[in-house]
Structures are given as C-alpha cells and as structure tokens.
Amino acid sequence: MISIVGLGPGALSMQTPQATEALAAATDLVGYATYLDRVPPRPGQVRHASDNRVELDRARHALGLAVEGRRVAVVSSGDAGVFAMASAVFEAVEAGPAEWRALDIEVVPGISAVFAAAARLGAPLGHDFCVLSLSDNLKPWPLVLHRLVAAASAGFVLALYNAASHARPWQLGAAFDALRPVLASTIPVAFATAISRPDEAIEVTTLAAADAARADMRTLVLIGSAATRTIERPGARPYLYAPRRA
Ligand code: SAH
C-alpha cells in the first residue's frame, strides 16, 4: 500500500486530517528531507530521507518497499499531484514491473501553494485561472513561454510555480519580458513567499514594477488579468480579487 501525501504549504494547521492519518498509519516515509522534517517522528516508523532531486528514483524506491509489504507514505509539499511526487509514482508504475500495478495507490490531496497564496491576497482566483510551472528542467523553455503567453492572451489569471531558484535565475525575468507586450503594465503581480511558514513574505506590485529578483524557490508568483481588481487600503496591503463575471 502506498499513500502519496500532500503536506500543505507549511503550517501544520494547513495539513488535512486525512494527510495526518495517512502519515500516522505508515511504516515507512519516503521523501525529500526538507519535507520529511515537517512530519513529527513516530517510534518504529522508518524514514527514507533523500536530498536526491531525481523524483523517479524516489518513486521506484517507495514502490519497491510497498511490494515487500511495507505501508509507505510518499510525502510532497502542497498537493502531491501538483508538480510533485504523485506523477513520478504513476510514471514509475506505468514503466515498471507488473507487481507494481497490483498495489493500492492512494493519493491524499493537500492545500497547494496557489490556494494558500490566493487566500492571503484576497480572492484573485475567483474566475478562470491557469497554473504553470516555470521550470524548464522537464520541458523546453520555448514551450514554457508559448503556454505563458497563450494563457495571458486568453485572459487567464496566471499562477507560476517554480518561478526561480539558484539553478534557474533568469527565467522569471524572461517570463515578465514576454508578458509585457501582451498585458497592461498596470496589471497586478503578487510575490507570495513561504506562505504559512515563519518567514512568510508577500508583495503586491504591478507588471511594470515587478522585479524578478524578488522571487526564490519558495515563491508563488501570481499575475492578474485585465479583470483583476485591486482594493487599496490605508497602511495595509491591497486586496486583490477576481470579479465573478468576466
Ligand atoms: N506540490 C506543491 C508544489 C511543488 S513545486 C504544491 O502543490 O504547492 C514547488 C513550488 O511550489 C515552489 O517553487 C513555489 O513556487 C511553490 N510553493 C511551495 N510551497 C510554497 C509556499 N509555502 N509559499 C509559496 N509558494 C510555495
């Protein structure tokens, strides 16, 4: 049995009770060390922490343990199905031995970064929106730009995961450059970093003023559409919301 568990964006209060139950029931936890550190230790439970960025290897390891009869929880941040481990597990199953297909695989949903960030900002996802990963590790950069510009041109609010990292320092700036001819310079842009964690930081600006250097690997970047409304407030961050009609 394998559970693929989304831990939510950071705070324990944003982890679902179903996720907590699946973690408690597991004999073995598999995941990136940073995420495993968020799970309180339990006596007798074995942790297979990795700093390995190869998700497919981690998935195969978890499937191997499950075939031996272990009850395995594979952990991801946010929702496990959004740019995370659930796809890696199913990729491994599709290409793997027949015995892996016989396993029960449970996907436990979590609060994805986009929902945690949107809730802090107001209601920017109240109408049509599009979620994209800016990472060009597993897809070519021209395809990233093509999808970005197509979605912006179609009037979607954009939520960008994997907007920046040490290994990918220029992509977000290039993405803003590609969007500036398509979107009005006044369209709101929000940088939502480490939401629900102790170092949470949020900045709301405009596409004209957006500085890509503001984002790191813990940042969700939200780009409004022509319909996005900004409610200015004295001495406080503005609220962003999407009107229900567009
Ligand atoms: N499965 C995760 C996403 C993994 S991809 C989910 O559903 O949230 C990793 C990206 O998620 C990061 O680069 C960042 O863009 C975003 N992210 C994850 N946690 C975040 C948080 N607490 N605050 C803001 N963005 C976050």
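Which residue is the bridge partner of V189 in strand 11? In this predicted model, where local features need pLDDT of at least 70, side-chain atom pairs count only at pLDDT 80 or more, and totals for chains, interfaces and linings use all residues, the bridge partner of V189 in strand 11 is I223. Residues are numbered from 1 along each chain as its sequence is written, and side-chain values use heavy atoms, with hydrogens and water left out.

Helices (H or I, at least four residues) and strands (E, at least two) are DSSP runs numbered from the N terminus, and two strands are said to pair if DSSP finds at least two bridges between them. Strands of a sheet pair through backbone hydrogen bonds, either parallel or antiparallel. Strand 9 and strand 11 (residues 219-223) pair in the antiparallel sense over five bridges, while six bridges join strand 9 to strand 10 (residues 201-206), again with the two strands running antiparallel. A192 has I202 as its bridge partner in strand 10.

Six of the six residues of strand 9 (residues 188-193) are buried, so this strand is largely enclosed by the rest of the structure; buried means under 20% relative accessible area, exposed over 50%, and partly exposed in between (1.4 Å probe, protein chains only). P188, A190 and A192 point one way from strand 9, whereas V189, F191 and T193 point the other way.

A nonpolar core is a set of buried Ala, Val, Leu, Ile, Met, Phe, Trp, Tyr and Cys residues joined through side-chain atoms within 4.5 Å. The largest such core has 26 residues, of which L134, L158, L160, L172, F176, V221 and I223 touch the most other members. Two or more residues of this core come from each of strand 7 (129-133), helix 7 (141-153), strand 8 (157-161), helix 8 (171-179), strand 9 and strand 11, and helix 7 gives the largest share, five residues. A second, separate core of 19 residues includes A59, A66, V72 and A92.

With contact taken as heavy atoms within 4.5 Å, and leaving aside neighbours within four places in sequence, F176 is in contact with V189, F191, L207, A210, D211, A212, V221 and I223. Q171, which lies in helix 8, is buried with a relative accessible area of 2%; leaving aside neighbours within four places in sequence, Q171 is in contact with L134, D136 and W141.

Three strands form an open sheet in the order 6-13-12, with mixed pairing. Strand 6 (122-123) and strand 12 (229-233) stand at the edges, each with a single partner strand, so one side of each is left without a neighbour in the sheet. Strand 6 pairs with strand 13 (residues 236-241) in the parallel sense over two bridges, and G122 stands opposite L240 in strand 13. Within helix 6, V114, A116, A117, A118 and L121 are buried.

The largest pocket is lined by 48 residues, of which Y35, E55, F83, A84 and N162 lie nearest its centre. On a 1 Å grid over the protein atoms alone, a pocket is an open set of points where a 1.4 Å probe fits, with protein on both sides within 12 Å along at least five of seven lines, and lining residues have an atom within 4 Å of a point. Helix 4 gives the most to this lining, with four residues.
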